[in-house]
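Hi everyone, thanks for making time.

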Amino acid sequence: QEPFVADEYIERLAWRTPGGGSRGGEAFDPKRLLEEFVNHIQELQVMDERIQRKVEKLEQQCQKEAKEFAKKVQELQKSNQVAFQHFQELDEHISYVATKVCHLGDQLEGVNTPRQRAVEAQKLMKYFNEFLDGELKSDVFTNSEKIKEAADIIQKLHLIAQELPFDRFSEVKSKIASKYHDLECQLIQEFTSAQRRGEVSRMREVAAVLLHFKGYSHCVDVYIKQCQEGAFLRNDVFEDAAILCQRVNKQVGEIFSNPETVLAKLIQNIFEVKLQSYVKDQLEEHRKSDAEQYLKNLYDLYTRTTNLSSKLMEFNLGTDKQTFLSKLIKAIFISYLENYIEVEIGYLKSRSAMILQRYYDSKNHQKRSIGTGGIQDLKERLRQRTNLPLGPSIDTHGETFLSQEVVVNLLQETKQAFERCHRLSDPSDLPKNAFRIFSMLVEFLCTEHIDYALETGLAGIPSSDSKNANLYFLDVVHQANTIFHLFDKQFNDHLMPLISSSPKLSECLQKKKDIIEQMEVKLDMGIDRTLNCMIGQMKHILAAEQKKTDFKPEDENNVLIQYTNACVKVCGYVRKQVEKIRNSMDGKNVDTVLMELGVRFHRLIYEHLQQYSYSCMGGMLAICDVAEYRKCAKDFKIALVLQLFDTLHALCNLLVVAPDNLKQVCSGEQLANLDKNILHSFVQLRVDYRSARLARHFS
């Protein structure tokens with residue numbers, strides 16, 4: 001048995017043989033074990049021979065059965081070939097019979113068709129004779145339940161009557177036409193009654209009969225008219241129309257053979273009658289009296305109409321349903337869309353002007369005229385080159401004349417205008433119309449509001465030598481910066497999608513760039529003049545508070561202050577201005593303006609210190625002042641400004657250092673690269689400079 005392992009088999013055999021091992025204290029008997037092995041080998045040989053004979057017998061039997069099976073397969077193949085041959089013969093025979101049957105059918109049809117036609121013609125002649133005699137006796141004409149058969153007959157007679165000469169058969173033609181008309185009316189009436197009863201199967205039967213009559217279109221009209229009865233009872237005509245079309249779409253295929261044509265005709269009727277009348281009532285009411293409401297209604301109605309059209313696109317309306325629905329919409333709105341942009345621009349212009357005027361009225365401000373051309377242009381060029389205030393300074397009383405509420409209102413109006421423009425403009429006119437709206441925004445927001453506020457703010461900046469001047473221009477900068485962000489956001493969010501793939505894109509970008517650059521020039525000019533005023537205020541503080549005795553005290557041994565009063569006030573003023581600048585600007589503009597202010601602040605202190613003579617104690621006090629100025633300069637967080645004050649602090653050390661150490665201090669890290677004249681100018685400020693000893697050490 002598998003798995004067979006020879007070693008284990010031998011071990012088991014030895015273990016079972018007495019004397020084959022040391023089991024139970026028995027002595028090992030090799031002869032007995034050998035004898036057992038020999039006997040067992042003989043048994044295995046006998047078993048092997050027996051099994052071999054059995055295998056040979058089975059192989060012979062298998063070969064015999066294989067031959068018998070192969071013979072049987074051959075016989076089956078021959079039988080299959082015979083059966084296949086019989087099948088082919090049967091198939092040929094069936095085809096032959098079928099051909100004969102078809103030929104016989106054609107012959108029978110060839111005989112039967114003329115016969116049927118003859119029978120049909122005979123019946124028609126019989127019915128025609130009744131019309132000719134003037135008395136309709138046939139049951140098909142007198143029995144109202146056989147109206148379908150009567151309709152088929154009268155329709156054929158009507159066609160025949162069209163071919164007859166009028167002079168001989170005028171009377172019978174008139175009777176047939178009258179009967180044709182009567183049956184047509186009866187069928188339409190029957191269809192109408194069935195529709196009111198909701199009998200779809202009867203409607204389908206009558207519609208199928210009327211299909212060959214001239215009044216079939218009238219049947220469709222009746223169906224469309226009755227479908228709409230009671231369908232428009234709510235205030236939302238668009239939703240009612242969608243529900244009606246959804247209901248009819250499910251039913252029309254069960255009634256008419258051309259459901260897509262009937263549904264299309266229903267939709268056309270809804271658009272041309274219901275919707276057109278509704279739109280006209282809604283728009284004509286405000287067209288001349290209220291432009292705002294007119295534009296809102298136009299946008300709303302057009303949007304709802306196109307949404308309805310999108311829902312109707314789900315139905316089968318024929319081959320080109322997109323063009324069909326577009327024409328229906330165009331027919332309703334064409335008279336309103338032709339001059340839409342003119343109404344939009346006119347409304348936007350008047351609305352924007354009103355928003356601005358209302359704001360200035362609330363401030364009791366009479367808007368000044370900012371002229372263009374001639375003298376005004378000359379003043380502008382001179383101001384840009386010289387940065388001098390031209391004309392008297394205007395006291396704005398802290399008013400920036402910029403209002404985020406006004407800006408939000410203007411941007412909201414423009415946003416709605418862009419949305420209407422996107423929806424109502426023809427695709428070919430969309431970029432041009434969007435550009436016109438953008439131009440209105442630039443005119444009223446940028447020119448009439450921001451630019452006017454900048455001009456007023458510039459005129460309100462006092463001269464640099466004014467005392468106790470109030471500086472409000474940074475408030476203008478802060479608000480203008482916020483407004484620019486809002487303006488730029490609307491440009492990207494609402495204008496760009498409308499012009500991104502048109503030549504108007506570059507024109508809009510250039511217009512935006514020009515207006516921003518124009519305002520940046522005025523902002524830069526105002527900031528520069530504001531910084532001059534700040535420096536002027538610091539000069540006034542220093543002139544009023546700094547005394548000559550501060551740095552050359554009468555009693556060198558009795559100096560109780562750490563730094564001068566002028567230093568305290570200047571640092572307090574500077575810290576307020578730095579905070580104001582940080583609150584008024586953002587990004588790199590903060591660092592740029594603070595750097596400029598820091599450089600001017602340093603220059604002022606540098607020049608101020610050179611106006612005095614310094615005793616030893618006065619020099620120490622000057623160093624304390626500069627240390628305080630340097631601490632103030634750290635608030636700027638500008639490396640250059642801090643470096644300038646570090647150098648100035650090092651220069652002030654020259655005021656107190658011992659004469660023997662002057663050269664060593666001047667060659668130090670912070671002063672080594674400075675011009676010798678600058679070092680000399682500071683040494684000259686010492687009261688002991690004229691002593692021969694000091695001059696000799698510095699030379």
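Let me begin with a question: which residues of α9 are buried? Before I answer, keep in mind that this is a predicted model. Okay, the buried ones in α9 are Val262, Leu263, Ala264, Leu266, Ile267, Ile270, Phe271, Leu275, Val279 and Leu283. And what do they pack against? That would be α7 (216-227), α8 (237-255), α10 (291-312) and α11 (321-337).

While we're on α9, here's its geometry. The helix covers residues 259-284, so 26 residues, and from first C-alpha to last it reaches 36 Å, close to the 38 Å expected at 1.5 Å a residue. There's a bend in α9 too, about 35°, at leucine 275.

In soluble globular proteins, nonpolar side chains tend to be buried together. Here, the largest nonpolar core has 163 residues, and Tyr223, Phe256 and Met538 are those with the most contacts inside it. Helix α15 (residues 430-459) gives this core its largest share, 16 residues.

Take methionine 538 from that trio. Leaving out residues up to four places away in sequence, methionine 538 touches Val570, Tyr573, Val574, Leu597, Phe601 and Leu604.

Is glutamate 455 buried or exposed? With a relative accessible area of 7%, it falls under the 20% cut-off, so it counts as buried. Its side chain has a partner as well: a polar contact of 2.7 Å joins glutamate 455 to the side chain of lysine 522.

Last topic, the rings. The count comes to 15 aromatic pairs. One of them is phenylalanine 601 with tyrosine 629, edge-to-face, 5.9 Å centre to centre and with 90° between the planes. That pair links distant parts of the chain, with phenylalanine 601 in helix α19 (residues 588-609) and tyrosine 629 in helix α20 (residues 616-634), 28 residues apart. Phenylalanine 601 is buried at 0% relative accessible area, and tyrosine 629 is buried at 1%.

Then there's tyrosine 606 with phenylalanine 682: ring centres 5.7 Å apart, planes at 50°, so that pair is tilted. Tyrosine 606 sits in α19 and phenylalanine 682 in α23 (residues 676-683), 76 residues apart.

And finally, ring pairs link Phe601, Tyr629, Phe636 and Phe645 into a cluster. That's me done, thanks!

Key:
Residues are numbered from 1 along each chain as its sequence is written. This is a predicted model: local features need pLDDT of at least 70, side-chain atom pairs count only at pLDDT 80 or more; totals for chains, interfaces and linings use all residues. Side-chain values use heavy atoms; hydrogens and water are left out. Helices (H or I, at least four residues) and strands (E, at least two) are DSSP runs, numbered from the N terminus. The expected span of a helix is 1.5 Å times one less than its number of residues. The bend at a residue is the angle between axes fitted to the seven residues ending there and the seven starting there. Buried means under 20% relative accessible area, exposed over 50%, partly exposed in between (1.4 Å probe, protein chains only). Contact means heavy atoms within 4.5 Å. A nonpolar core is a set of buried Ala, Val, Leu, Ile, Met, Phe, Trp, Tyr and Cys residues joined through side-chain atoms within 4.5 Å. A polar contact is a pair of N or O atoms within 3.5 Å; within protein, one must be able to donate a hydrogen and the other to accept it, and residues adjacent in sequence count only if both atoms are side-chain atoms. Rings of Phe, Tyr and Trp (its six-membered ring) pair if their centres lie within 6.5 Å; planes under 30 degrees apart count as stacked, over 60 as edge-to-face and the rest as tilted.
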